[in-house]
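Let's take a quick tour of a protein model together. Have the sequence and the 3D view handy, and look things up as you read.

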Amino acid sequence: MAYPSIFLPETHAAMLARLDTLTPTTPRVWGSMTPAQMLAHVNVSYEYTFGERTDTPPWFMRALLKIFLRPLLVGDKQYAKNTRTAPSMVMKEAKDFDAEMKRLKTYMQRIYDEGEAAWDGRKQVTLGVLTSKEWSTLYWKHLDHHLRQFGA
C-alpha cells in the first residue's frame, strides 16, 4: 500500500483536520492511552528527529532495530493494533492535551515547511538514513495508526 505524502498540501491539511476531531475525552477504540498521552507519545518521535532527545539504545540494539524494524516502520503494511512500543515512548503520566496538540502541530508544520527535498537522505536515530518517501511513510503511518486508535 502506498501512503499519502506528508509533504503534499492536501495530505498535510487532512491530517490536521483529523487531529482537530480529537478532544481530551475522545474514547479510544483500542489501547490504554488517553488522547493527551497519545499526542505526547507521537511527539517523542519528533523529539528524536529534531535532536531534542538523545536517549537512544546502544549501537548493537540500533543495528538490530534497523534490520528488523525498518521494514515494518517504513514498509507498506499498517501497524497492528496494540503493537508494543519502545520503552522511551511509553506514556504513563497524565499529559496536557492542548500543550501536546500544539507541539504536534508545530512539529508537523516544521516538516511540511522544510519540504520533501530537505528530508531526502536525512538520518533517523534508529533506522539510519531514510529517503523522503520513507520519512513520509514513517510519520504518516504512525500518526494514522493513533488517529484510528481514537476513531479519527
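Predicted model: local features only at pLDDT ≥ 70, side-chain atom pairs only at ≥ 80, totals over all residues.

**The space inside**
- The count comes to one cavity of 30 Å³ or more, and the largest cavity holds about 110 Å³ of space.
- Its lining includes Ile6, His12, Tyr46, Met108 and Trp140.
- Helices H1 (9-19), H5 (97-114) and H7 (132-149) each bring at least two residues to that lining.
- Sort the lining residues by type and you get nine nonpolar, two polar and no charged.

**Charged pairs**
- Side chains of opposite charge can pair when their charged atoms come close.
- This model has eight salt bridges.
- One of them joins Lys105 and Asp20, at 2.3 Å from N to O. That pair ties together distant parts of the chain: Lys105 sits in helix H5 and Asp20 in the loop between H1 and helix H2 (35-49), 85 residues apart.
- Glu100 and Arg103 also pair up, at 3.0 Å. They're about one helical turn apart because they sit three residues from each other in helix H5.
- Glu100 is buried, with a relative accessible area of 10%, while Arg103 is partly exposed at 27%.
- Glu114 and Arg122 make another salt bridge, with their closest N and O atoms 2.9 Å apart.
- Shared partners link Glu47, Arg53, Glu100 and Arg103 into one network of salt bridges.

**On the surface**
- Trp59, Phe60, Met61, Leu64, Ile67 and Phe68 make a nonpolar patch, with about 710 Å² of accessible area together.
- Phe68 belongs to helix H3 (residues 59-68), and its 61% relative accessibility makes Phe68 count as exposed.

Technical notes
Residues numbered from 1 in each chain as written. Heavy atoms only, no water. Patch = residues over 30% accessible without salt bridge, like charges linked within 9 Å, V, L, I, M, F, W, Y side chains within 5 Å. Areas by Shrake-Rupley, 256 points an atom, 1.4 Å probe, with all protein chains shown as cover. Salt bridge = Lys/Arg side-chain N within 4 Å of Asp/Glu carboxyl O. Helix = DSSP H or I, 4+ residues; strand = E, 2+ residues; numbered from the N terminus. Buried < 20%, exposed > 50% of the residue type's maximum accessible area, 1.4 Å probe, protein only. 1 Å grid on protein atoms, 1.4 Å probe; cavity = no way out; pocket = protein on both sides within 12 Å on 5 of 7 lines; lining within 4 Å. Points joined across faces, edges and corners; volume = space filled by probe spheres on them. Nonpolar A, V, L, I, M, F, W, Y, C, P; charged D, E, K, R; others polar.
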